[in-house]
Amino acid sequence: MHVPDLAERVAKEFAHVLGTPAGRVGELTACTEILQAAPRVPFYADLAAHVRQHLDHLQRTGNSA
């Protein structure tokens, strides 16, 4: 998300969902869809760098938040 405070709040409020295997699959699916659409949709193109950073974070930490 473009707004770090909002991203932190969403992660905190939905930790009970995002911290599950199904939540992680959902999060990874959303990231994949954004990256696939980025070449065609300017809004997603603007998010692509943030999504890649988030995926790097997930890979380093093994967490879904």
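Arg52 is partly exposed, with a relative accessible area of 46%; buried means under 20% relative accessible area, exposed over 50%, and partly exposed in between, using a 1.4 Å probe and protein chains only. You will find Arg52 in helix H4, and its C-alpha atom is separated by 8.2 Å from that of Leu35, 17 residues away along the chain. The model is predicted, so local features need pLDDT of at least 70 and side-chain atom pairs count only at pLDDT 80 or more, while totals for chains, interfaces and linings use all residues. Residues are numbered from 1 along each chain as its sequence is written, and side-chain values use heavy atoms, with hydrogens and water left out.

**The chain as a whole**

- The chain has 4 helices and 0 strands, where helices (H or I, at least four residues) and strands (E, at least two) are DSSP runs numbered from the N terminus.
- The radius of gyration is 12 Å, close to the 11 Å that the globule rule gives for 65 residues, so the chain is as compact as a globular protein of that length. This radius is taken over C-alpha atoms, and the globule rule is 2.2 Å times the number of residues to the power 0.38.
- Along its principal axes, the C-alpha trace spans about 35 × 25 × 20 Å.
- Of the 65 residues, 17% count as buried.
- The accessible surface comes to about 4,800 Å², and 60% of it belongs to carbon and sulfur atoms. Accessible areas come from the Shrake-Rupley method with a 1.4 Å probe, and for residues only the protein chains shown count as cover.
- Among contacts between residues at least 6 apart in sequence, 41% join residues at least 24 apart; contact means heavy atoms within 4.5 Å.

**Helix H3**

- H3 has 17 residues and reaches 24 Å from its first C-alpha to its last, close to the 24 Å expected at 1.5 Å a residue. The expected span is 1.5 Å times one less than the number of residues.
- Gly23, Glu27, Cys31, Ile34 and Ala37 are buried in H3. Seen down the helix axis, the buried residues of H3 fall within an arc of 140 degrees, so they line one face of the helix; the arc is that of the directions from the helix axis to the C-beta atoms.
- These buried residues pack against helix H2 (15–18) and H4.
- On the other side of H3, Pro21, Ala22, Val25, Glu33 and Gln36 are exposed.

**The loop between H3 and H4**

- Pro39 sits in the loop between helix H3 (21–37) and helix H4 (42–61).
- With a relative accessible area of 70%, Pro39 is exposed.
- The C-alpha atoms of Pro39 and Val10 are separated by 27 Å, and the two residues are 29 apart along the chain.

**Helix H4 and what follows**

- The 20 residues of H4 should span 28 Å at 1.5 Å a residue, and its end C-alpha atoms are 29 Å apart, which agrees.
- H4 has a kink of about 40 degrees centred on Ala48; the bend at a residue is the angle between axes fitted to the seven residues ending there and the seven starting there.
- Leu47, Ala48, Val51 and Leu58 are the buried residues of H4, and what covers them includes H3.
- His50 also lies in H4 and counts as partly exposed at 37% relative accessibility.
- The C-alpha atoms of His50 and Leu6, 44 residues apart along the chain, are separated by 14 Å.
- Just after H4, Gly62 takes a positive phi of about 75 degrees.
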